[in-house]
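Biologist: Could you take me through this model, starting with one residue and its surroundings and then moving out to the fold?

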Amino acid sequence: MAGQSGEYLLRASWMAEADRITIASGVPGYELMLRAGRGVAAAARRMAAPGARILVICGAGNNGGDGYVAARLLQAEGRDVDVMAPLGPATTADAGQAAADWAHAHGAAVAVDVDLASYGLVIDALFGAGLNRPLEGVALDLAQRINAAALPVLAVDVPSGLSADSGQVLGAAMGASVSATATVTFAARKPGHLLLPGRALCGAVTCIDIGIAPGTIASVGRGMFYNSPDLWLTRFPAPSLEAHKYRRGHVLCGSGGPLSTGAIRLAARSALRVGAGLATIAAGPDACRVHAAHLTAVMIREAEGAGDFARLLDDVRFNAVILGPAGGVGPELAARVEEAILRGRALVIDADAISSFAGAPERMAALIVAGGGAPVVMTPHDGEFARLFGKVAGVMDAGAKYERALAAARLAGAIVVLKGADTVIAAPDGRVAINDNAPPWLGTAGSGDVLSGLVGGLLAQGMPGFEAAAAAVWIHGAAARTFGPGLISEDLPEQVPAVLRRLLQQEPLA
Ligand SMILES: NC(=O)C1=CN([C@@H]2O[C@H](COP(=O)(O)OP(=O)(O)OC[C@H]3O[C@@H](n4cnc5c(N)ncnc54)[C@H](O)[C@@H]3O)[C@@H](O)[C@H]2O)[C@@H](O)CC1
Ligand SMILES: [K+]
């Protein structure tokens, strides 16, 4: 995407396109393979103790070719290396060359039934980006034996059996993938390195430069990015000394009833912590009294039904709205969403507000079209996503997690944050960001309410929707990491200042 900074993630077919462009520009394919193999050998050197035996399992394609190169280089420096070629001779010219160069110096491959336990490192070069169906036969058997042997495993490009595109094991329950200790990939990371279960199966991923130009990577990329500050920091609202609180935005947060007020307080407090100038909670009279006992910096306004809420929105200073956290599923909440969209407010649609449109995403899409272009960000977890989009053909069955999020974003005309340990942020214009900084302890009650507040707080400060959503997701994860285990959701907004300090003062990021 023109003008977009950030780390591109490439699907396997886009990567193949980058290889083709590079080869056409005059770099021989075998040279790329040599560079890839060199990177694999360097990683193997770090993983295998000096006397340890190394087994390189080479498939018949170019992934195997990388393996043959690594085997030759490691053996040349005195390492004790065996090669296994369970799928027979190489089937591509470059891999054939790599196999011949290896065999010329070192002779025959070992048998498939060799004792794996006698090796200190296995290099998995069976299948890489070319895998297009589940492992079967000898490859399936080998993957299972490698995993059972519990040895250190270095995967070339991706662990064999894993889809580089989706992060899923091909063949799902009946399939298998090698589970690696570490993975070396080339030129750019693939979505499967970040999406689950792929991220866990890859171990530590290193991406090495094999001489594919950044411009080539950008030209084949289709707007899929790793979510890090590189992607959005230039659009991040850095408060200036002269910024009046109203210039930093005013978030209006719709409350649920008197027995469910905590969620929206978490959201409002998070909106303030991330820099919004003001936050107001709109609640019915009974809920107002509960909020009044808790709130200091956040203000309270009485609003009984959707009509009252709409009247509050006559005040144009409320430039962003958060609806959904414990808001109470039903037509009343749907009507508030409608008012906020039609009055052109930047809007976060979370939790109950998503469920209030269950099975009717077209209705939400029509509203957003009528709303006139202010950003709308929805933040479903899998259950809410299925409730909203479950009946629409081409969304739930769109494929990888980012393809589902993207199909939903295009249908709704909204930014979709599909939450999880591998949260995906998708925009109707085709951009996608995949996030990986959420620690397991972020999965705690109220954590989603904080996220909606962070998004709303950034929207209020004028950050564009996609960047605001991506930044909020990243800050949410960074705040949880900063606190550490034992986190409850109340702790999250209190960690945001430390995260912002590092972000804005360019201190090293966690
Ligand atoms: N010039 C290039 O394209 C480069 C490619 N590189 C390596 O090449 C790899 C991709 O190589 P290939 O495209 O040859 O593919 P692979 O080596 O991943 O797979 C080989 C072939 O196996 C077949 N196959 C797929 N699934 C199968 C299954 N379940 N059972 C049996 N056969 C199956 C397919 O026809 C596939 O083309 C990358 O992952 C990377 O390691 C690197 O050498 C860098 C340069
Ligand atoms: K592999």
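Modeller: Let me start with Asp 350, which is buried because 32 other C-beta atoms lie within 10 Å; by the convention used, 20 or more other C-beta atoms within 10 Å make a residue buried, 12 or fewer make it exposed, anything in between is partly exposed, and C-beta atoms are placed from the backbone. This is a predicted model, in which local features need pLDDT of at least 70 and side-chain atom pairs count only at pLDDT 80 or more, while totals for chains, interfaces and linings use all residues. Residues are numbered from 1 along each chain as its sequence is written, and chains are lettered from A and ligands numbered from 1 in the order in which they are written.

Biologist: Where does Asp 350 lie, and which residues is Asp 350 in contact with, leaving aside its neighbours within four places in sequence?

Modeller: Asp 350 is in the loop between β12 (346–349) and α13, where helices (H or I, at least four residues) and strands (E, at least two) are DSSP runs numbered from the N terminus. Beyond those sequence neighbours, Asp 350 is in contact with Ile 322, Gly 324, Pro 325, Thr 379, Gly 448 and Ser 452, a contact being two C-beta atoms, placed from the backbone, within 7 Å. The C-alpha atoms of Asp 350 and Gly 448 are separated by 8.3 Å, and these two residues are 98 residues apart along the chain.

Biologist: What about the phi of Ala 351?

Modeller: Ala 351 has a positive phi of about 40°, although it is not a glycine. Ala 351 belongs to helix α13 (residues 351–355), and it counts as buried because it has 27 C-beta neighbours inside 10 Å. Asp 157 also has a positive phi, of about 70°, and is not a glycine; Asp 157 sits in the loop between β4 (153–156) and β5 and counts as buried, with 29 C-beta neighbours inside 10 Å.

Biologist: Switching to helix packing, at what angle do α17 and α18 pack?

Modeller: Helix α17 (residues 447–460) packs against helix α18 (residues 465–483) at about 140°, with their axes 8 Å apart; axes are lines fitted to C-alpha atoms, for helices over the stretch in contact, and angles run from 0 to 180 degrees between N-to-C directions. That makes α17 oblique to α18, since angles under 35 degrees count as roughly parallel, over 145 as roughly antiparallel, 65 to 115 as roughly perpendicular and the rest as oblique.

Biologist: Which residues of α17 meet α18?

Modeller: Val 450, Leu 451, Leu 454, Val 455, Leu 458 and Leu 459 in α17 meet residues of α18 including Ala 468, Ala 472 and Ile 475. By class, that contact of α17 with α18 has 12 nonpolar, 2 polar and no charged residues; Ala, Val, Leu, Ile, Met, Phe, Trp, Tyr, Cys and Pro count as nonpolar, Asp, Glu, Lys and Arg as charged, and the others, Gly among them, as polar.

Biologist: And the whole chain, how many helices and strands?

Modeller: The chain has 19 helices and 16 strands. Of its 510 residues, 53% count as buried.
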